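Work through the exercises below with the sequence and the model open beside you. Try each task before reading its solution.

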Amino acid sequence: MATVAVLMLGFFAFLVMRASTPTLAPLYTGLSLEDSNAIVTELQSQNVPFELRGEGDTILVPRDQITTLRMNLAGSGLPTRGQVGYEIFDQQNTLGATSFVQNINNVRALEGELARTITSLARIKSARVHLVLPERKLFSRQTQSPSASIVVGVRGDLSSGEIRAVQHLVASAIEGLTPANISIVDDKGTLLASGGDDTGEGAIAGESAERTRGYENQMRSRVEEMLTNVVGPGRARVEVSAELDYNRSTTTSEKFDPDGQVVRSTQVSESKNLSGGADGQVTVANELPGASQNNGTGGATEQGSNSQEVTNYEISKVTQTAVTEAGSIKRLSVAVVVDGVYSDDGQGNQVYSPRSPEQIAQLTTLVRSAVGYSEARGDTVEVVNLQFASRPDLSLPGDRLQRSVGLYTRRYHERGGNGGYVADSLGTGVLCHAAPSQARTDSRNRSPAAPFGGHCRQSFGHERRWRTGTRSGG
């Protein structure tokens with residue numbers, strides 16, 4: 001009895017200690033050793049119980065104090081995630097700081113703030129940024145462009161669009177920095193984006209490849225969805241290869257219409273001439289001043305006039321400027337493989353039969369219409385009928401339910417039950433209630449016929465066994 005009493009006291013003491021121990025929950029996870037050290041020191045100064053897990057990167061505290069502790073630690077700038085932001089200027093006395101120290105702190109603050117912003121993205125778990133901001137030299141016309149290198153820890157793989165988003169995010173935050181001068185490397189050492197490409201050809205090539213891939217996936221999904229409704233799910237395979245033209249061209253043309261003449265201006269000029277002589281003789285007296293008045297009566301006089309008219313016509317002109325944007329379809333190739341038709345020979349065997357040429361021609365017409373087939377571009381669409389390696393399951397859920405009801409009927413005769421729940425291998429079942437009449441089919445819910453004229457109600461559950469007498473599962 002004494003042993004039992006001691007065991008009971010020990011058990012109750014354990015329960016009391018267990019109940020008095022606070023429930024611990026993670027305060028922070030994935031911390032660096034520097035952040036863990038700073039947070040542990042802060043918790044010890046506040047006399048808060050804590051527990052370290054893992055390699056010191058996880059700190060557990062009482063669950064009811066998590067929110068308060070996080071607010072207090074955030075006020076102290078913890079955790080820093082190994083990065084220092086603009087708070088570096090709040091912790092130093094700038095009165096005696098040199099310009100060199102101020103510039104270094106400015107770069108550190110920019111790197112820390114950019115790393116925090118990049119880490120806030122869903123697919124990135126950690127980031128580290130290095131900036132090169134060259135100083136402008138006095139009396140120098142040549143300027144060096146800034147550059148940046150980023151190391152990111154990713155969850156899965158980053159798409160080319162997400163990589164470009166990080167580049168543009170950093171480039172927009174630094175004056176004079178272009179996305180082409182930003183290099184990105186993941187934590188596995190894979191080069192995601194190379195810097196130093198002033199022309200941006202690498203980014204353009206990646207964007208073009210992604211756009212082509214997206215167009216091919218869109219066409220493939222459209223054709224597969226259409227064929228699934230015709231030949232059945234999994235009975236068609238589609239591959240699309242698109243060749244897109246990413247050359248941007250501008251064409252300017254001018255057309256003149258000679259028949260559309262319009263008078264623009266008319267200029268008319270007239271002139272008259274009057275001349276005379278003394279019988280055609282040239283003497284000294286004729287050349288003296290006043291000789292024409294005295295001796296002019298004896299000579300002949302000539303008069304003449306000249307008229308000129310100039311008309312300017314304006315010919316109608318049409319100027320057209322056509323801009324062809326990049327991304328037009330240059331050529332499209334579609335390959336479709338469809339399975340044949342399977343039928344039951346009555347003995348449970350599946351018999352394969354190929355599709356008729358008329359069906360293949362109809363499928364080809366549908367595929368051409370779906371992808372926008374153009375013979376002028378040289379597009380090709382091939383639909384081939386081949387037997388797939390995997391055969392479809394010909395037994396439909398309704399057929400399995402019908403067989404399940406038949407099996408239930410036989411067991412009903414053997415056990416004499418009043419009703420039961422029949423479930424097939426997929427968990428689709430029928431609840432049947434027996435009635436002393438002929439077998440019939442409930443027309444309200446289109447369920448299979450119940451044994452003995454009862455009614456069946458189709459249900460969905462996770463039952464995998466036969467149950468009779470009363471319903472179970474589902």
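The model is predicted: local features need pLDDT of at least 70, side-chain atom pairs count only at pLDDT 80 or more, and totals for chains, interfaces and linings use all residues. Residues are numbered from 1 along each chain as its sequence is written, and side-chain values use heavy atoms, with hydrogens and water left out.

**Exercise 1. Helix α2**

Task: Find the span of helix α2 and compare it with the expected one. Then state which residues of α2 are buried and where they point.

Solution. 

Step 1. Helices (H or I, at least four residues) and strands (E, at least two) are DSSP runs, numbered from the N terminus. Helix α2 covers residues 33–45, which makes 13 residues.

Step 2. The expected span of a helix is 1.5 Å times one less than its number of residues. From the first C-alpha to the last, α2 reaches 18 Å, close to the 18 Å expected.

Step 3. Buried means under 20% relative accessible area, exposed over 50%, and partly exposed in between (1.4 Å probe, protein chains only). By this rule D35, S36, I39, V40 and L43 are the buried residues of α2. Viewed down the axis of α2, they fall within an arc of 130°, so they line one face of the helix. The arc is that of the directions from the helix axis to the C-beta atoms.

Step 4. An α-helix has 3.6 residues a turn, so residues three or four places apart point the same way.

Step 5. E34, N37 and S45 are exposed on the other side of α2. The buried residues of α2 pack against β1 (24–28), β2 (51–53), β3 (58–62) and α3 (66–75), where contact means heavy atoms within 4.5 Å.

**Exercise 2. Helix α3**

Task: Which residues of α3 are buried, and which elements do they pack against?

Solution. 

Step 1. The buried residues are I66, L69 and L73. Down the axis of α3, they fall within an arc of 65°, so they too line one face of their helix.

Step 2. The face turned away from this buried side carries T67, M71, A74 and G75, which are exposed.

Step 3. The packing partners of the buried residues of α3 are β1, α2 and β3.

**Exercise 3. Salt bridges**

Task: How many salt bridges does a search of the whole structure find? Describe the ones made by R53, E239 and D379.

Solution. 

Step 1. A salt bridge is a side-chain nitrogen of Lys or Arg within 4 Å of a carboxyl oxygen of Asp or Glu. The search finds nine of them.

Step 2. R53, in strand β2, meets E51 in a salt bridge at 2.9 Å, N to O. R53 is partly exposed at 40% relative accessibility, and E51 is partly exposed at 30%. Leaving aside neighbours within four places in sequence, R53 is in contact with T58 and L60.

Step 3. E239 bridges to R220, with the closest N and O atoms 3.7 Å apart. E239 lies in strand β8 (residues 236–245) and R220 in helix α6 (residues 201–231), so the pair ties together parts that are 19 residues apart in sequence. R220 is buried, at 18%.

Step 4. D379 and R377 meet at 2.5 Å, N to O. D379 is buried at 6%, while R377 is partly exposed at 28%.

**Exercise 4. Paired strands**

Task: Follow the bridge partners from E239 into β11 and on into β14. Then describe the hairpin of β12 and β13.

Solution. 

Step 1. Two strands pair if DSSP finds at least two bridges between them. β8 and β11 (residues 328–338) pair in the antiparallel sense over ten bridges. The partner of E239 in β11 is A335.

Step 2. β11 and β14 (residues 380–385) run parallel and are joined by six bridges. Here the partner of A335 is E382.

Step 3. Four bridges join the antiparallel strands β12 (residues 341–344) and β13 (residues 350–353). Y342 stands opposite Y352 in β13. The hairpin has five residues between its strands, and G346 in the turn has a positive phi of about 95°.
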